[in-house]
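This briefing concerns a single protein chain. Please examine the sequence and the structure shown below before turning to the points that follow.

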Amino acid sequence: MLQETYSAAANPEVFDTSDLHVLFAGESQTSANHRLGPKVYDYFLLHFVEQGRGSFQTEFAYYSLSAGDCFLIQPDQLVSYASDSLEPWRYRWIAFAGDKAAELVQRAGFTPQMAAFSSGSASAIPEVLESVLQVFRTRKPSSHLASLGYLHLIMAEAEERLVRESALPTGESGVQRTVKQMIHYMSSQYAHPISIEQMCSSLGYNRAYLSRIFKRTTGLTPVTYLLKLRIDKSRQLLRERPELSIEQISASVGLTDALYFSRQFRRFYGESPSEYRRNAPGQN
């Protein structure tokens, strides 16, 4: 028979109010049929199941859970959870609160109807939770900031599982979200020699699918959008940085071939980069 154990540590920094604050972290090997609830909490409490099995019930759903699963208790929800009679679970947990806590949870993909996910065998969550526990035990003033970093790592993995794990986005909101991700990727990476293949790989979707929804939404293919973005950025540099050569400007917007850059510039705007610079307002 497994012996029940319990260990926890609280954040040494005490906050009455804050945007986001980790309250405490802990770990426990439960006994058979160990049960908590039905009860409500006034903070968020996330558990990671390391070993064994158990069940988790909210006002909206019932979950049978095992090693590698995570479940989130949300404030003011009536919940109960219990370990299995034959394989009682061992789990770790982290509690957090604050004005931005609900926003973080929502961003990760948790909802009242979706309060659990399977993290997979390669999950970093148990190690991260152990790090939170250890950093609180140091009682250092830096523990608060460290715990926030660890919490965000956990929520980043949750987002991967809850949001990105779905096959392809469906419905208008899913498509719009994906197109926004594509535009953000290109807007932040245009100065580098990126390709559409790299972007599709980074976002985790098929190129043909992404090209189709992007053109349907914006009227342009991703290739044309990226090229036009680069040319438009070069126009700003041509106006504002007269000391830069055409080759330097071309390289600054991610186009290493200055001749190709000049040809595409003329294609979009009917004049060469040099002509545009001479004719730009304030250049004469």
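How many nonpolar, polar and charged residues does the lining of the largest pocket have? In this predicted model, that lining has nine nonpolar residues, four polar residues and one charged residue. The points below treat the pocket, then the nonpolar cores, and then a pair of histidines.

**Largest pocket**

- The space in the largest pocket amounts to about 230 Å³.
- Its lining is made up of 14 residues, of which Tyr 6, Leu 36, Tyr 81, Tyr 91 and Trp 93 are the closest to the centre of the pocket.
- At least two lining residues come from each of strand 1 (5-10), strand 2, strand 4 and strand 9.

**Nonpolar cores**

- The largest nonpolar core has 30 residues, and the members that touch the most others are Leu 46, Ile 94, Phe 96, Phe 110, Leu 151 and Met 155.
- Four strands, namely strand 2 (21-29), strand 4 (44-51), strand 7 (69-73) and strand 9 (90-97), each supply at least two residues of this core; helix 1 (101-108), helix 2 (125-138) and helix 3 (143-164) each do likewise.
- Helix 2 provides the largest share of this core, with seven residues.
- When residues up to four places away in sequence are not counted, Ile 94 touches Val 22, Phe 24, Ala 25, Phe 44, Leu 45, Leu 46, Leu 129, Val 132, Leu 151 and Ile 154.

**His 21 and His 144**

- His 21 lies in strand 2, whereas His 144 belongs to helix 3.
- His 21 has a relative accessible area of 6% and is therefore classed as buried, the cut-off being under 20%.
- His 144 is likewise buried, because its relative accessible area is 11%, which also falls under 20%.
- The side chains of these two residues, His 144 and His 21, are joined by a polar contact of 3.4 Å.
- The side chain of His 21 also reaches the backbone oxygen of Glu 13, at 3.2 Å.
- Apart from neighbours within four places in sequence, the contacts of His 21 are Asn 11, Glu 13, Phe 15, Ala 95, Phe 96, Ala 97, His 144 and Leu 148.
- With neighbours within four places in sequence again left aside, His 144 is in contact with Asn 11, Glu 13, Phe 15, Leu 20 and His 21.

Technical notes
Residues are numbered from 1 along each chain as its sequence is written. This is a predicted model: local features need pLDDT of at least 70, side-chain atom pairs count only at pLDDT 80 or more; totals for chains, interfaces and linings use all residues. Side-chain values use heavy atoms; hydrogens and water are left out. A nonpolar core is a set of buried Ala, Val, Leu, Ile, Met, Phe, Trp, Tyr and Cys residues joined through side-chain atoms within 4.5 Å. Buried means under 20% relative accessible area, exposed over 50%, partly exposed in between (1.4 Å probe, protein chains only). Contact means heavy atoms within 4.5 Å. On a 1 Å grid over the protein atoms alone, a cavity is a set of points where a 1.4 Å probe fits but cannot get out, and a pocket is an open set with protein on both sides within 12 Å along at least five of seven lines; lining residues have an atom within 4 Å of a point. Grid points are joined across faces, edges and corners, and a volume is the space filled by probe spheres set on the points. Ala, Val, Leu, Ile, Met, Phe, Trp, Tyr, Cys and Pro count as nonpolar, Asp, Glu, Lys and Arg as charged, and the others, Gly among them, as polar. A polar contact is a pair of N or O atoms within 3.5 Å; within protein, one must be able to donate a hydrogen and the other to accept it, and residues adjacent in sequence count only if both atoms are side-chain atoms.
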